[in-house]
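Hi,

Here is the structure I said I would pass on. Have a look at it first, and then read my notes below.

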Amino acid sequence: MTTTAHTGGNHTSAREFMSRRDIDFLLHEWLDTDALLARPRFAAHDRDTVDAVLGLAEQVAVREFAPHNRAADLTEPRWDGRQVEVIPEVGAALKVFAEAGFFGAPLPEEVGGMDLPLSVYGACMSWFHAANAGTTGYALLTVGAANLLCAYGTADQVRRYVRPLAEGRFFGTMALSEPHAGSNLADLTTRAEAQEDGTYRLFGRKMWISGGDHELAENIVHLVLARTADAPAGTRGVSLFLVPKHLLDDDGNPGERNDVTLAGINHKMGFRGTVNTAPVFGDGAYTPGGRPGAVGYLIGEEHRGLAAMFAMMNEARIGVGLCATALGYAGYLESLTYARERLQGRPVGAPQTGRQVALVEHPDVRRMLLAQKAYAEGALALNLFASRLVDDVASLDGEEAAEAARLLGVLTPVVKSWPAQWCLAANDLAIQVLGGAGYTRDFNVEQRYRDNRLNPIHEGTHGIQAMDLLGRKVLHDGGLGLGILLARITRTADRARLVDATGAAYAEQLVTVAERLATVTASLGGLGDPAAILADATAYLEATGHLVVAWLWLEQWLAANGQTGAFYDGKRAATHYFFTRELPKVAPMLDLLAAADRFTLDLDPRCL
C-alpha cells in the first residue's frame, strides 16, 4: 500500500515505506504464526485478528503518522521555561494510536490490553517507526513502562497507573542517565529519601531523557533510578521509583503537580519529534504536600532497581532495533522507487546519443539497492524472530521456554546493534542512490539517515552491547546460550543441504563460520584478563551479527524454496548477495579476535 505524504520541498508524492508482503511472508510463511496462535496463551487470536491489526496499523501509520514526519523534524519541540510545546499533529496522531488500541495491544487483558503476540505487535510497530520515528518514540516508552509495572509493580501501582498507560492517557519515560553519568549507572547520584508514609522524596538531575516533559498526555510516569540513604556503592545500590508528573487523587485522576521540572531540552540531529530533556527532581519548583522533593514510589525492592529496569531496557533494545530496521527499510523503498523512475545515463558501451535509462539499469545502482534489501529485510527477520522468542518464552513451558529465553538473551545485543549499524548503512546508500537529490530536504532519505544515526547510541551504545554480548551473555553464561544458537544454525544448514547444490554450498559456508566463532570464543575465554577479552568486543558483536543474519537469510531462502515470482526471486537474490558479499567480512574480524591483539588496549592515549 502507498501513501501520499509531504516529503519536504516541492515534492508531494506516493511513497511506500514498509512492505506488507514481506511482513506476511515472515509471519506466516516462515515463522508459522498460526502455530503460535494455537497455543493456549494466544488462543484468543487467529489469522483474521493478525490481518486486521496489521491492516489497521498500516492505515493509521499512513494517514496519521507519515504526513507530519517532515513537519516534526523542521519544527522542533520548544520549552518556554515552564512547559514543552510540540506541533499539534503529534498529539493528534497519538490520540488515534490510542483509540485504535495500540498502546494496550501487547499488554495483558486484565489491565486493558489484548495480549497480542509481540511478533505481531512488532510487525505493526514497524509501520509506525517507518512512517514517523519521532512520534512513535512516545509510544515505545509508554508501552515499556506499562510492561515493567505489570512485571514488578505492586497491585496498587498496576491498578492506578497501568490501565491509563494502556489507554494512552498517561505516557511513560525511563530516567536513567545523569549529566555526569551517561552509560555508567554505577555513578548515579540522584537520591531518594524514605518518608514515614512509605513514599520517597527524590532529589537530583537526569539527562537525555526522551519524552521527559510535554502536554501530550494527562500525566507522565517517570521510572527513575536513584539511591537511598543506606545504598551500597555501585550498581548494587540503585533502586527504581515511579515518579508521576502529577500526583493522583483518591479516584486515580491527575491532581497536584509533583516537584519535577526541566533544566532545559536537548536539540538533536534526528528524532526531533521526540522531545529530549534534562529533568530536575526535587529542586522546589513545585511543593507537593507543602514542601520540596519529588514524591516517588518504590518499584520492587530497594537496591534491586537495575534488575527491574533492565527488563524495560531489553524490551527497548528490541524496539530500537526495530526502529532502526524500519528507517532502513523505508529509505530502501524510497530509493528503489526513485531508481526505477529517474532516467540518468546510458549503459556502458551504448551510444551516447541513445535514450537514457533508469538508474536501476546500472549495475552499481543495483548493487546499492541489493545491499539495502539484504540489510533491511535481514534486519526485519532478525527483529521478528527475536519477538517470536519473547512469545515462545510466554507461551511454552519447561525446557522449551528456558531455551527460548537463553537464546533471546544472547541475541538481544545483536537485535539492537546490528540493525542500528547496517540499516544506517542502508540509509547512507539510499542517499547515494538519489545522488544530489538525496542530500536535499526534497526527499525523506536524508532525514531517515539523521533519525537512524541516534540508534547506535540509544539504549546502550554499540560498544556496550558488544561487551554485554561477549562478557555477560556468552562467557558469563558458560556458553550455553551461544551453544543453543550454534545448534539451531546447524539444524538450518542440515535442511539446506537436502535442497540442492546451492543450499549445500550456503550450508557449508555458514557452518564453517559458526564453528570458527565457537573456536574463537573458547580462545577468548582462555585469556583470563577481562580487559584483554573485551578489548575488541565490537568485532565479536559484528562477527556474530553477520553470522546470525546470514543464518536468517538461509532460513528465508528455505521458506522461499519452490516458490515462483519476483518476490521469491528477490529473497534468493538477497541471500546470494549476503553469502557472497557480506558473510566473508566475518573472517578478518575473527582473525583479529583469535590473535588476541592488544593494540588498542595498550595504546598510549597521548598518541591519539
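This is a predicted model: local features need pLDDT of at least 70, side-chain atom pairs count only at pLDDT 80 or more; totals for chains, interfaces and linings use all residues.

I started with the empty space. Rolling a probe the size of a water molecule over the atoms shows where such space is left. The largest pocket has a volume of about 1,500 Å³. Its lining is made up of 48 residues, and those nearest the centre are Ser183, Met313, Ile457, Glu459 and Gly460. Helix 9 has the largest share, with eight residues. Sorted by class, the lining holds 22 nonpolar, 19 polar and seven charged residues.

The second largest pocket holds about 1,100 Å³ of space. There are 42 residues lining this second pocket, with Leu118, Asn147, Ala311, Glu315 and Val390 closest to its centre. Two or more lining residues come from each of helix 6 (118–131), helix 7, helix 9, helix 10 (363–395), helix 11 (398–434) and helix 13. Which helix gives the largest share of this lining? Helix 9 again, with nine residues. By class, the lining of the second largest pocket has 26 nonpolar, eight polar and eight charged residues.

**A strand that is wrapped up**

Next, go to strand 10 (residues 238–244). Seven of its seven residues are buried, so the strand is largely enclosed by the rest of the structure. In a regular strand the side chains alternate between the two faces of the sheet. Here, Val238, Leu240, Leu242 and Pro244 point one way, while Ser239, Phe241 and Val243 point the other way, and all of them are buried.

Strand 10 has partners too. Strand 9 (residues 219–228) runs antiparallel to strand 10 and is joined to it by seven bridges. Within that pairing, Arg227 stands opposite Val238. Strand 15 (residues 294–299) is also antiparallel to strand 10, with three bridges between them. There, Leu240 has Ile299 as its bridge partner.

Is helix 1 (residues 20–30) mostly covered or mostly open? Mostly covered: nine of its 11 residues are buried. The buried ones are Arg20, Asp22, Ile23, Asp24, Phe25, Leu26, Leu27, His28 and Trp30.

Thr136 counts as buried because its relative accessibility is 0%, where the cut-off for buried is under 20%. The side chain of Thr136 reaches the backbone oxygen of Asn132 at 2.8 Å. Apart from neighbours within four places in sequence, Thr136 is in contact with Phe65, Met125, Phe128 and His129.

The other threonine, Thr544, sits in helix 17 (residues 537–560). Thr544 is buried as well, with a relative accessible area of 2%. Setting aside neighbours within four places in sequence, its contacts are Val414, Leu469 and Leu517. To get a sense of scale, compare Thr544 with Lys245: they are 299 residues apart along the chain, and their C-alpha atoms are separated by 42 Å.

**Some backbone angles to look at**

Most residues other than glycine have a negative phi, and most peptide bonds are trans. A few residues here have a positive phi instead.

- Asp32, which follows helix 1, has a positive phi near 55°.
- Asp115 has a positive phi near 55° without being a glycine. Asp115 lies in the loop between helix 5 (88–99) and helix 6, and it is buried, with a relative accessible area of 13%.
- Glu459 has a positive phi of about 55° and is not a glycine either. Its place is the loop between helix 12 (445–452) and helix 13, and at 22% relative accessibility Glu459 counts as partly exposed.

Conventions: Residues are numbered from 1 along each chain as its sequence is written. Side-chain values use heavy atoms; hydrogens and water are left out. On a 1 Å grid over the protein atoms alone, a cavity is a set of points where a 1.4 Å probe fits but cannot get out, and a pocket is an open set with protein on both sides within 12 Å along at least five of seven lines; lining residues have an atom within 4 Å of a point. Grid points are joined across faces, edges and corners, and a volume is the space filled by probe spheres set on the points. Helices (H or I, at least four residues) and strands (E, at least two) are DSSP runs, numbered from the N terminus. Ala, Val, Leu, Ile, Met, Phe, Trp, Tyr, Cys and Pro count as nonpolar, Asp, Glu, Lys and Arg as charged, and the others, Gly among them, as polar. Buried means under 20% relative accessible area, exposed over 50%, partly exposed in between (1.4 Å probe, protein chains only). A polar contact is a pair of N or O atoms within 3.5 Å; within protein, one must be able to donate a hydrogen and the other to accept it, and residues adjacent in sequence count only if both atoms are side-chain atoms. Contact means heavy atoms within 4.5 Å. Two strands pair if DSSP finds at least two bridges between them.
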